[in-house]
Amino acid sequence: MKLKQRISLILALSLTLGLGLRSFAQEEETGSTQETVPATTTTAATPTPTGPAPGTPTPTAPGNVAETEGQAFVLLGQSEVPKLKAGDKFNLKIPLVNWGNLPASDPVVRLQVASEASDFPFEIQKTDYVEYLEKDLEPLGKPDKETLKKKTQWVDFGPMVLREKLSSGYYRLTLLIRYRQADKDFVEVTRYFYIKVQGLEPTPGESGPDNTVPTEPGPPVEPMPPEPPIDLDPPILPDPGLPPSEESRSVPRIMVSGFSTDPAKVLGGQKVTLKLSLRNTSKDTDVKNIRMVLDFGAESPAFRTVSGSNSLYIEKIDKDSTIEVPVALISSVQAAQKSHPVSIQMIYEDKSGSPYELTEQISIPLYQESRVSLGELNLMPDPAKVGSEANLMFKIYNKGRTTFYNASLVIPENNGALEAREIYLGNIEPAQTKDVDIMVTPLAPHVGDFNLEIRYEDEDGKTLSMNQAIPLNIEEMQIIDPVEPIDPDFPDPLEPQNQGLPLLAKVLLGFLGLAAIIVVIAIVVRHRKKKQQEAEDQDLDL
């Protein structure tokens, strides 16, 4: 009896335990499902695409944004943080890149100005700092290094001057970036760019960069805020230059689509007509009251206007159309032979009166007339003899404004007077002299001018040449032919002539000869007597 009771008790406990385990397993499955639902909902509500499983870190690289469906996403490109000193002047250039999958059209970038140095560390030199990108920001697509470099566009705010009394640290610049995507309304995002400044050490309690009190030079106490998501709400900042009623319209731009000159080759010191082709790229907006200012450079300009004024007025350019504007210029004879830049500033309005300003630049090739002369000619021997080498020396003077590259002196073929040859001279700069000292071989008699050719290359590598005349005198070599009969009346220069001496000369010569004989005889007789006397003295001694 007791055994049966024990068996019943064990079965009851087993049944109760099994039901409890089953209920616990169902609760675990229900709980897991309930936790997954809000995670899926959260992922769908954010612009970040589906990522790793819950519990794993989500990458923060902007590459995730590129998978966001149907939108552009403009961020700052990669660049070094500028390291500057208080009072420095530098060009502020900021890179932009589109990590989305739609183009960012008509991008406009505004640098937010503030009176406080902590918010805007530059000297305020303009009422507004706005730059328009000439091209749309294309989506990055494949995020490799080469594509990233190719599709990054730089916004150039030009020269900026840091304030003098700045504290050391990092300063944050606020950029308001405005663009359109897929021909929709404008979208505006805020981005931040940092610069590092070495300046004064802040006193205790003084507000430093980013409105914080830095304890030492270096990064601010407040960390860099993360890139904010795209704000699809109506823009906070009105579009520069466009009234609220025309927010969705593109910014009208004028570009120099091309130019030509009449004459096509511009020489120094001549009048030339510059024909500029100006195009209004806007599809729906006319531009008017256009003031065009030409800047040829402050020092020694290569061009100047005939009228004396560098400003021109254009009443109107219709939308999506091109006009041609002629400008009468005079080129300088003192300018170097090269392409000279011309800056074209255009200040204009749209049909609502909103002002715009942009600058274009072209380069006009200027050529100068080549001027060369030769110095005094020295020919040795002069005249030269046919078949016998002669030394030719003179100077070449470059009197023009052009450089003769790889110049050489050429005695042309088949010239009929001298043996052909070419002598390399090298480069001859303007106002420079080159000495020429060569040996030439005359081939035939010549009297009068002889043309030498000077060959050289210009800045474009094109070979040019010019001729210069020199006086040249060549004679035949005089050779006596022994076979040729000799004129009997003409004395032979090699045969001694029988010319008689005067009588007095003959007498003197005879007398001198006789005297010489007597003297010789006397010397001989005296010498013999002396030897005979010496012999007799020796005999006496014996």
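Student: Let's start with Asp 320, where is that found?
Tutor: Asp 320 is found in the loop between β13 and β14, the latter covering residues 321–331. Here helices (H or I, at least four residues) and strands (E, at least two) are DSSP runs numbered from the N terminus.

Student: Before we go on, what kind of model is this, and how are the residues numbered?
Tutor: This is a predicted model, in which local features need a pLDDT of at least 70 and side-chain atom pairs count only at pLDDT 80 or more, while totals for chains, interfaces and linings use all residues. Residues are numbered from 1 along each chain as its sequence is written, and side-chain values use heavy atoms, with hydrogens and water left out.

Student: Okay, back to Asp 320: what's its phi?
Tutor: The phi of Asp 320 is positive, at about 50 degrees, although Asp 320 is not a glycine. As background, most residues other than glycine have a negative phi.

Student: What about Asn 414, what's its phi?
Tutor: Asn 414 has a phi near 55 degrees, which is a positive value in a residue other than glycine. Asn 414 has its place in the loop between β21 (404–411) and β22 (421–428).

Student: Is Asn 414 buried or exposed?
Tutor: Asn 414 counts as exposed, because its relative accessibility is 81%.

Student: Changing topic, which residues does the cis peptide bond with omega about 5 degrees join at Pro 263?
Tutor: That cis peptide bond joins Asp 262 and Pro 263, and Pro 263 is placed in the loop between β9 (254–262) and β10. There is also a cis peptide bond from Asp 382 to Pro 383, where omega is near 5 degrees. Pro 383 itself lies in the loop between β18 (378–380) and β19 (384–385). For context, most peptide bonds are trans.

Student: Salt bridges next: how many does a search of the whole structure find?
Tutor: The search finds ten salt bridges in the whole structure. A salt bridge means a side-chain nitrogen of Lys or Arg within 4 Å of a carboxyl oxygen of Asp or Glu. In general terms, side chains of opposite charge can pair when their charged atoms come close.

Student: Take Asp 106 and Arg 180, what's their N to O distance?
Tutor: The side chains of Asp 106 and Arg 180 form a salt bridge with an N to O distance of 2.9 Å. Asp 106 belongs to strand β4 (residues 105–111) and Arg 180 to strand β7 (residues 169–180), so this pair ties together parts that are 74 residues apart in sequence.

Student: Are those two buried or exposed?
Tutor: Asp 106 and Arg 180 are both buried.

Student: Which salt bridges does Lys 316 make?
Tutor: One of its partners is Asp 286, with the side chains meeting at 3.7 Å, N to O. Asp 286 sits in the loop between β10 (271–280) and β11 (287–295) and Lys 316 in strand β13 (residues 311–317), so the pair ties together parts that are 30 residues apart in sequence. Lys 316 also meets the side chain of Asp 318 in a salt bridge, at 3.5 Å, N to O.

Student: How far is Ile 454 from Val 372, in sequence and in space?
Tutor: Ile 454 and Val 372 are 82 residues apart in sequence, and in space their C-alpha atoms are 9.4 Å apart.

Notes: Buried means under 20% relative accessible area, exposed over 50%, partly exposed in between (1.4 Å probe, protein chains only).
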